[in-house]
Number of protein chains: 2
Amino acid sequence: MYDLNQSLFLRALRRLPVERTPVWIMRQAGRYLPEYRKTREKAGDFLSLCKNPELACEVTLQPLRRFPLDAAILFSDILTIPDAMGLDLYFAEGEGPRFGKPVQTLEAIDKITVPDISALSYVMDAARLIRQEMPSTLPLIGFAGSPWTLACYMVEGGSSRDFKRILNLVYSEDKAAHRLLNKLAISVGEYLIAQIKAGVNAVMIFDTWGGILTPCNYMDYSLNYMQHIIHQIKSEYPDIPVILFTKGGGQWLEQMAATGCDALGIDWTCDLYNARQRVGNQVALQGNLDPAVLLSTGECIRQHVGQVLSSFGSGAGHIFNLGHGITPDVAPESVAAMVAAVHELSPQYHLR
Amino acid sequence: MYDLNQSLFLRALRRLPVERTPVWIMRQAGRYLPEYRKTREKAGDFLSLCKNPELACEVTLQPLRRFPLDAAILFSDILTIPDAMGLDLYFAEGEGPRFGKPVQTLEAIDKITVPDISALSYVMDAARLIRQEMPSTLPLIGFAGSPWTLACYMVEGGSSRDFKRILNLVYSEDKAAHRLLNKLAISVGEYLIAQIKAGVNAVMIFDTWGGILTPCNYMDYSLNYMQHIIHQIKSEYPDIPVILFTKGGGQWLEQMAATGCDALGIDWTCDLYNARQRVGNQVALQGNLDPAVLLSTGECIRQHVGQVLSSFGSGAGHIFNLGHGITPDVAPESVAAMVAAVHELSPQYHLR
């Protein structure tokens, strides 16, 4: 077994004392790394990379070799589930994800079935391999998209500016929307549990599009299903920490914290001090440097890292991260500067 | 002079008692109306329509003929100021606004000057004409984009997904960013005062992109400049109500309310009950039906109008509106249903 007892990341998630703030980066295995681009080229395309456990393992480990990060995150994509449901996922160059067979009729919704987890075995194979290959002292994070976010992509057929189709479903066919979300919640729950069985040490739910909803609809169509998933995980694996991240969800932190999750991912539009005042006794907080800061100078990066650390303040329960995924145009040196600044500036907040 | 003393809209802005909740619609003169599309065709394109006072007047009045709305809003665009600054605004079909000469160097920023208001006289001509032609009992709303929002478009060269260029300016050239914003704030202030002189009875500042900022940067780069503008207006026209709208600004309502504005525009991601608890004694609230509701059935529209009215609750200080601009695919009948529902359902919240 791996020795994870001293993991700063897992300790911070449990709000236990640490000597410095742990740090990892959303999309840390990604296009900003030249070695990632090389491996991806070898794989052919993004989806082939996700589906090849050896290469997925390789890119997962790449950022750990460069930077003293406190966790790895399984290299994969949130849309593996819809792909396993037969929606024919592909990535058009420069356009983001698309589905060959989007879900755009009530019939299509009713034909959707919870995929057999064996259709996603490549993900669990990658998780097992990564867990075996990575440093035994570091935790591996598994993840999935939220049911609402997956439904957005499935119904829109890809990214969207206005989310017309899915909102039309919400307002005009709410029962069908709930049928779809229910199947997605079961799928996501089974998927995350399979990842845990394959060796991941914490899981994160990415709710990229929860923030486009009204407060009422957020509770009914997004948070409600994430809560079901959390209960499902906790009933089987009470000790596996769950991180919940709704981009644009800053107004709903109290409700998010009440789901039984262990930590909230906080985007860059929230102030950590304020967030901690609101929910700090219930959950740990992960975030929240503005990703755009990484396009600036080393000095500016250091200053803003300092601001994020100071806004959380002293004590346990903070995991440093960006407020959203790292962008492809960031220089690896800037990431090094960010991680170094966390190492250097955070111990003062953990003196006992 | 026009008899505006009984205007429900102006009374609600001042939080005085009304017999029912006033209602208008962001982008009420717009593509969802067949008569608008006809007039626009006559003008040639969108910008020519903005620059033709007679036709701008015509489209401003069109929604008032169809629906019993409580205010008109000057037909124009937030990007008239950058256009007057020489950035060569145009609208590429289906792509939104673009600038032929975006501001993408420090030299370009320093070359920008506050435009002579005569370069925008077509807007004031339209305002005067509309004020003359419209019902004397209804108020006319003037508007402008916030300095931050204008800067986003000017530096990005148009709409953006990631706002890389403007954020790079913020993080790497903050003095230049402030120089640009300062010139924009002076321009917007003069522009709104010119609109008031031309006869508008209230003004609204649209901060479409304030919500992409960190809390700190929102205060420094967006709210700060809007506050300057409000002070400028109030020192000359203390009785002209000012409405402040930051899309995605739900976390900062307290700070927005403290600027000295009269009302806050509230987007659909906020709950009006909650917003009122936070700032209700300082300002009126305008909003906030999810625009996507208008793509649903009349019954569903009525139900959601009822929810918005009930979330604000009893008493003065609510102006009904959408949480964002109306979209081109809405049926005029759906707008009629929304307005009728406000007329029918709101009086119960104003019994004395």
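These are my notebook entries on a predicted model with chains A and B.

**Ground rules.** Residues count from 1 along each chain as its sequence is written, and chains are lettered from A, ligands numbered from 1, in the order in which they are written. Because the model is predicted, local features need pLDDT of at least 70 and side-chain atom pairs count only at pLDDT 80 or more, while totals for chains, interfaces and linings use all residues.

**Confidence.** I looked up pLDDT, the predictor's confidence in each residue, from 0 to 100. Chain A has a mean of 96, and 99% of its residues reach 70 or more. For the complex, the predictor gives an ipTM of 0.94 and a pTM of 0.96.

**Two chains.** A rotation of 180° does it, with 0.0 Å of shift along the axis and an RMSD of 0.0 Å. That is the relation of a two-fold axis. In chain A, the C-alpha of A:Q251 is nearest the axis, 3.1 Å from it. Next I checked the interface. The copies meet through the same surface, because 100% of the interface residues of chain A are also interface residues in chain B.

**The sheet in chain B.** I took strands as DSSP runs (E, at least two residues), numbered from the N terminus. Two strands pair if DSSP finds at least two bridges between them. Seven strands of chain B form an open sheet, in the order β1-β4-β5-β6-β7-β8-β9, with parallel pairing. At its edges stand β1 (72-73) and β9 (318-322); each has a single partner strand, so one side of each is left without a neighbour in the sheet. I then followed β8 (residues 284-289), which five bridges join to β9(B). B:Q286 has B:I319 as its bridge partner there.

**The core.** A nonpolar core is a set of buried Ala, Val, Leu, Ile, Met, Phe, Trp, Tyr and Cys residues joined through C-beta atoms within 7 Å. Buried means 20 or more other C-beta atoms within 10 Å of the residue's own, exposed 12 or fewer, partly exposed in between, with C-beta atoms placed from the backbone. The largest core has 249 residues, and A:I141 and B:I141 have the most contacts inside it. Contact means C-beta atoms, placed from the backbone, within 7 Å. Leaving out residues up to four places away in sequence, B:I141 touches several, including B:I73, B:L74 and B:M204.

**An exposed glycine.** A:G96 lies in strand β3 (residues 96-99) of chain A. It counts as exposed because it has 12 C-beta neighbours inside 10 Å. A:G96 and A:S159 are 63 residues apart in sequence, yet 6.8 Å apart in space, C-alpha to C-alpha.

Conventions: Copies are superposed by least squares on the C-alpha atoms of residues with pLDDT of at least 70 in both. Two residues are in contact if their C-beta atoms, placed from the backbone, lie within 7 Å. Helices (H or I, at least four residues) and strands (E, at least two) are DSSP runs, numbered from the N terminus.
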